[in-house]
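Open the model in your viewer and keep the selection panel at hand. The stops below go from the whole chain to single residues.

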Amino acid sequence: MSNNHDYYMQLAIEQARLAEKIGEVPVGAVLVQDDQLIASAHNQPISNNDPTAHAEIQVLRAAGKELGNYRFPGTTLYVTLEPCTMCLGAMIHARVSCVVFGAFDEKTGVCGSCQDLSTSECFNHNIEAEGGILAKDCKKLLQEFFKNRRKK
């Protein structure tokens, strides 16, 4: 696991800001292996008309094209918001080694908030999860987005 959590989370925050600019919920993600950036992406379900186009799924798709594989052992996925069930499931299938997230998601987060599926023994791959990295910055970005949206 990388010791550069803040650096990579800042890159994920930059991706989240790109999502916000196109009217998407500001969530960004990057995938890292051996302290090398493999791929970066942001939320695009609205613009792509695709309910699966969460930042995590988008970064896995980009990494697959970059690496020419669908499995990513030894990688760490950084994301600004705690993953949902779909995204954690995709990371497990992709054999991501670790997920590091910013803000906790009390409504749909499955790495400790609503549930902790990252520690479940019912999967054939275990994924390490660590949350709260630059959490205030990640949470503020989301709060401001929804505050502005409610004003409209």
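How many helices and strands make up the secondary structure of the chain? There are five helices and five strands, where helices (H or I, at least four residues) and strands (E, at least two) are DSSP runs numbered from the N terminus. This is a predicted model, in which local features need pLDDT of at least 70 and side-chain atom pairs count only at pLDDT 80 or more, while totals for chains, interfaces and linings use all residues. Residues are numbered from 1 along each chain as its sequence is written, and side-chain values use heavy atoms, with hydrogens and water left out.

**Whole chain**

Colour by secondary structure and follow the sequence: the pattern reads α-β-β-α-α-β-α-β-β-α. Along the principal axes, the C-alpha atoms fill a box of roughly 45 × 30 × 30 Å.

Switch to a surface. The chain exposes about 8,000 Å², with carbon and sulfur atoms supplying 48% of it; accessible areas come from the Shrake-Rupley method with a 1.4 Å probe, and for residues only the protein chains shown count as cover. Of the 152 residues, 48% count as buried (buried means under 20% relative accessible area, exposed over 50%, partly exposed in between; 1.4 Å probe, protein chains only). Among contacts (heavy atoms within 4.5 Å) with a separation of 6 or more, 58% join residues 24 or more positions apart.

**Helix α3: Glu 56 and Arg 61**

Select residues 55-67, which form helix α3, and pick Glu 56 within it. Glu 56 is buried yet has no salt bridge, and the nearest side chain of opposite charge, Arg 61, is 10 Å away. A salt bridge here is a side-chain nitrogen of Lys or Arg within 4 Å of a carboxyl oxygen of Asp or Glu. Show what surrounds Glu 56: leaving aside neighbours within four places in sequence, its contacts are Ala 29, Leu 77, Val 79, Leu 81, Pro 83, Cys 87 and Met 91.

Which residue forms a salt bridge with Arg 61? Select Asp 50: its closest N and O atoms with Arg 61 are 3.4 Å apart. This pair links distant parts of the chain, with Asp 50 in the loop between α2 (45-48) and α3, and Arg 61 in helix α3, eleven residues apart. A search of the whole structure finds one salt bridge. Arg 61 is partly exposed, at a relative accessible area of 38%.

**Helix α4: Thr 85**

Next, go to helix α4 (residues 85-93) and select Thr 85. Thr 85 is partly exposed, with a relative accessible area of 49%. Beyond four places in sequence, Thr 85 contacts Thr 108, Val 110 and Leu 117. Draw a C-alpha to C-alpha distance from Thr 85 to Val 110: it is 6.1 Å, across 25 residues in sequence.

**Two loops with positive phi**

Move to the loop between α4 and β4 (98-103) and select Arg 95. Its phi is near 65°, a positive value in a residue other than glycine. Arg 95 is buried, with a relative accessible area of 19%.

Finish at Leu 134, in the loop between β5 (128-130) and α5 (135-151). Phi of Leu 134 is near 50°, again a positive value in a residue other than glycine.

Definitions and conventions. Lys and Arg count as positive and Asp and Glu as negative; His and the chain ends are not counted.
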